[in-house]
Amino acid sequence: MKPERKTFIEKSTEYKFDDGLLTIYETNSPCKDISFTFDKHMITIMLSGHKTVVSKNAKVEFFPGMVFIPEKDVVQKVEISNASFTNPTKCLVLDISPEFIEKLVLELMEDKDWSANFEYLLSEEHSHFISNDTNTIESFERFYKYLKAGNSGLDTHVNNAILRELILRVLQTEAGSLLINNIKSNIKDKNLEKTISYIMTNLRNKITIDDLVSISGFGKTKLFNRFKDTLGVTPVNYIMKERIKYSIKIIEGIDNLQSVAFQSGFNTYVHFCKSFKKIEGISPMAYKKKLLSNTKAVI
């Protein structure tokens, strides 16, 4: 007597690893209108069978040999019309920690060849992504086979290398904008922080907009928008204000105001005076006299 085979709509097997979770979903029975929602963008591939995924925004026919990144925060419904015991539908879903992607993206943005690509990815808006890129699929399947073989705890470096290859493959496509969407605010903030740190470190030296574009990974327009949205000023005005702040710190102890100007990063004394008055409301000379008179009054 053959053992009774259990019919199931969705059976999941999980493979945990240091930076996330890989789940294989298997179905051996036809089904319709099965709802699901992801709270972030996941990378999925179909190993066998066929699914129809429908949302208010899209309808995707999901076959083997396809990479699919579904929408997030949107209710989607799945229909599987031809699953059976002999022909089960199998789908892999990869949930990667945002920290892993963030670390990789920030590392890649140090590379000038990648920075332009990330500028594009940060500005792109997609609800979902589907592709038949064979390199990405091969990387995904290799990662699955490695975890399935039970090697995830044996060699973390190999595991990370395979995962890193997979994410690099995705980031080279338009799908990268969806992965970056999961961490976009962090990336923007950290790049802005890095840019500000560069300004403060080089305050006494010449700083160009091209320097800031290179450091931030943003294009010129996005660089100006990020400064305006976050700090309320343009990069040029931010640099000027910080230089004036620095000049105020040193002005009392230096007799020569031209020296104060150059030590604060200004190319000319005239520019220093105009900038100082614009921000402080009085000239550097008047400000210094005011400081000295207040000091004498205290004595």
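**Helices, rings and contacts**

Analyst: Helix α4 (residues 156-171) contains 16 residues and reaches 22 Å from its first C-alpha to its last, close to the 22 Å expected at 1.5 Å a residue. Helices here are DSSP runs of H or I with at least four residues, strands are E runs of at least two, and both are numbered from the N terminus. The expected span is 1.5 Å times one less than the number of residues.

User: Before we go on, what sort of model is this, and how are residues numbered?

Analyst: It is a predicted model, in which local features need pLDDT of at least 70 and side-chain atom pairs count only at pLDDT 80 or more, while totals for chains, interfaces and linings use all residues. Residues are numbered from 1 along each chain as its sequence is written, and side-chain values use heavy atoms, with hydrogens and water left out.

User: Back to α4, then. Which of its residues are buried?

Analyst: The buried residues of α4 are N159, I162, L163, L166, I167, V170 and L171. Buried means under 20% relative accessible area, exposed over 50%, and partly exposed in between (1.4 Å probe, protein chains only).

User: And the chain overall: how many helices and strands, and what share is buried?

Analyst: There are 12 helices and 10 strands in the chain. Of its 299 residues, 43% count as buried. Among the chain's contacts (heavy atoms within 4.5 Å) with a separation of 6 or more, 67% come from residues 24 or more positions apart.

User: Changing topic to the rings. How many aromatic pairs are there?

Analyst: The count comes to nine aromatic pairs. Rings of Phe, Tyr and Trp (its six-membered ring) pair if their centres lie within 6.5 Å; planes under 30 degrees apart are stacked, over 60 edge-to-face and the rest tilted.

User: Why is the F62 and F68 pair edge-to-face?

Analyst: The ring centres of F62 and F68 are 5.2 Å apart and the planes stand at 65 degrees, so the pair counts as edge-to-face. F62 is buried at a relative accessible area of 2%, and F68 is buried at 3%.

User: What about Y269 and F272?

Analyst: Their ring centres lie 6.2 Å apart with the planes at 40 degrees, so this pair is tilted. Y269 and F272 are three residues apart in helix α11 (residues 269-280), which separates them by about one helical turn. Y269 is partly exposed at 24% relative accessibility, whereas F272 is buried at 0%.

User: Which cluster do they sit in?

Analyst: Ring pairs link F266, Y269, F272, F276 and Y287 into a cluster.

User: How does α9 cross α11?

Analyst: The axes of helix α9 (residues 235-250) and α11 come within 10 Å and cross at roughly 90 degrees. Axes are lines fitted to C-alpha atoms, for helices over the stretch in contact, and angles run from 0 to 180 degrees between N-to-C directions. On the α9 side the contact is made by M240, K241, I244, S247 and I248, and on the α11 side by F272, S275, F276, K278, I279 and E280.

User: Which residues of α9 are buried?

Analyst: In α9, the buried residues are P235, Y238, I239, M240, E242, R243, I244, S247 and I250. This helix has 16 residues and reaches 23 Å from its first C-alpha to its last, close to the 22 Å expected at 1.5 Å a residue.

User: Last one: where is D211, and what does D211 touch?

Analyst: D211 lies in helix α7 (residues 209-216) and is partly exposed, with a relative accessible area of 26%. Not counting residues up to four places away in sequence, D211 touches Y198 and K206. The C-alpha atoms of D211 and Y198 are separated by 9.2 Å, and the two residues are 13 apart along the chain.
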